[in-house]
Amino acid sequence: MKTIGKLEYYLFALIAITLFNTFLGEKFASTTLVTILIALTVTYKGFMVIDHLMELKGANKNLRFLMRLYFVIFPSLIIVSAFY
Amino acid sequence: MKTNPINDSLGIFPKSWTEKHAGRIPGNIPIWVGILSELTEFGIFFVAYFIAKFYYPEEFTQGPQSLHTSLGVTNTIVLLTSSYFMAKAMANIRLDNKPKCERYLWLAFLCGCLYLMIKTWEFYWNDLQGFGPSTSEFFTVYYYMTFNHFLHVGWASCAILWVIYRLRCGAYSSKENSGLEALAVYWHMIDLMWILIFPLLYVLR
């Protein structure tokens, strides 16, 4: 059973990262560095939801691996797209 | 944690994937078949996005600047909050606190409705600006992805109503809540897809 404080921490962290991403996109030219930063934060957000809200951390290791892999592959494609 | 019988008997995944070998499956196997199918579907959308961006870089630089970013941000926060409410509903059913569980499910449902209203307003706002699915390759991908996601939030919100009804009928408790958990993981999957869609369409230029 998760403590209430932890769930709230995850929610605030996810919202803060979303606002940070938007700030980066709005205020800075879309450089390779900005794109990489955004891709990394997307991966982090994905892992956070998968592990702590979906509760796959400590659950079925194959499902967790597949879900996390998804959030490695597509953010990697975001980074690749920065070099188009 | 008690093993759900359906997760042992439904021979869809290899034996090494069963709860006995790989660990507990949140919800049940049928919902994970659905979730993996949905991930494949959205994966195809994302690949289409990157291919289109490769061929039409100018449209994908201009496109996000034409969108109402504040509405995209608001919807992201609404969906993240709904996932939080869903996690709280799960935490409360495990304590057998059904009234609180129901309250959080209603809050998640309201977030789903709010998302749908904001998205509808955004489509209307786009229309007022003269943007539609055939405006450019960016907008074709935008409408394809966001409308599909819109549908997913719509039917998952209806599923929340069904789960609330089942909860009131006494179908869920601290010992048996796999149906509620199946909805929770599906809802989180929808949130996860938006976590990817949002930067692709609104942030990256």
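**Figure 1. Buried residues of α3(A) in the predicted model**. The residues of α3(A) that count as buried are Leu63(A), Arg64(A), Met67(A), Tyr70(A), Phe71(A), Phe74(A), Pro75(A) and Ile78(A). Viewed down the axis of α3(A), these buried residues fall within an arc of 120°, and therefore line one face of the helix. Their packing partners are α2 of chain A and, from chain B, α3 (29-55) and α8 (178-203).

**Figure 2. The opposite face and the span of α3(A)**. Turned away from the buried side of α3(A) is a face that carries the exposed residues Phe65(A), Leu69(A), Val72(A) and Ser76(A). The helix α3(A) comprises 21 residues. From its first C-alpha to its last, α3(A) reaches 30 Å, close to the 30 Å expected at 1.5 Å a residue.

**Figure 3. The side of chain A that touches chain B**. Contacts between the chains involve 33 residues of chain A and 36 residues of chain B. On the chain A side, α1 (4-27), α2 (32-53) and α3 (61-81) each supply at least two residues. The element that gives the most is α1(A), with nine residues. By residue class, this side of chain A divides into 18 nonpolar, 10 polar and five charged residues.

**Figure 4. The fold of chain A**. Chain A contains three helices and zero strands, in the order α-α-α from the N terminus on. Its C-alpha trace spans about 45 × 30 × 10 Å along the principal axes. Of the 84 residues of chain A, 37% count as buried. Among contacts in chain A between residues at least 6 apart in sequence, 60% join residues at least 24 apart.

Terms used:
Residues numbered from 1 in each chain as written. Chains lettered and ligands numbered in written order. Predicted model: local features only at pLDDT ≥ 70, side-chain atom pairs only at ≥ 80, totals over all residues. Contact = placed C-beta atoms within 7 Å. Helix = DSSP H or I, 4+ residues; strand = E, 2+ residues; numbered from the N terminus. Nonpolar A, V, L, I, M, F, W, Y, C, P; charged D, E, K, R; others polar. Buried ≥ 20, exposed ≤ 12 C-beta atoms within 10 Å, placed from the backbone. Expected span 1.5 Å × (residues − 1). Arc of directions from axis to C-beta.
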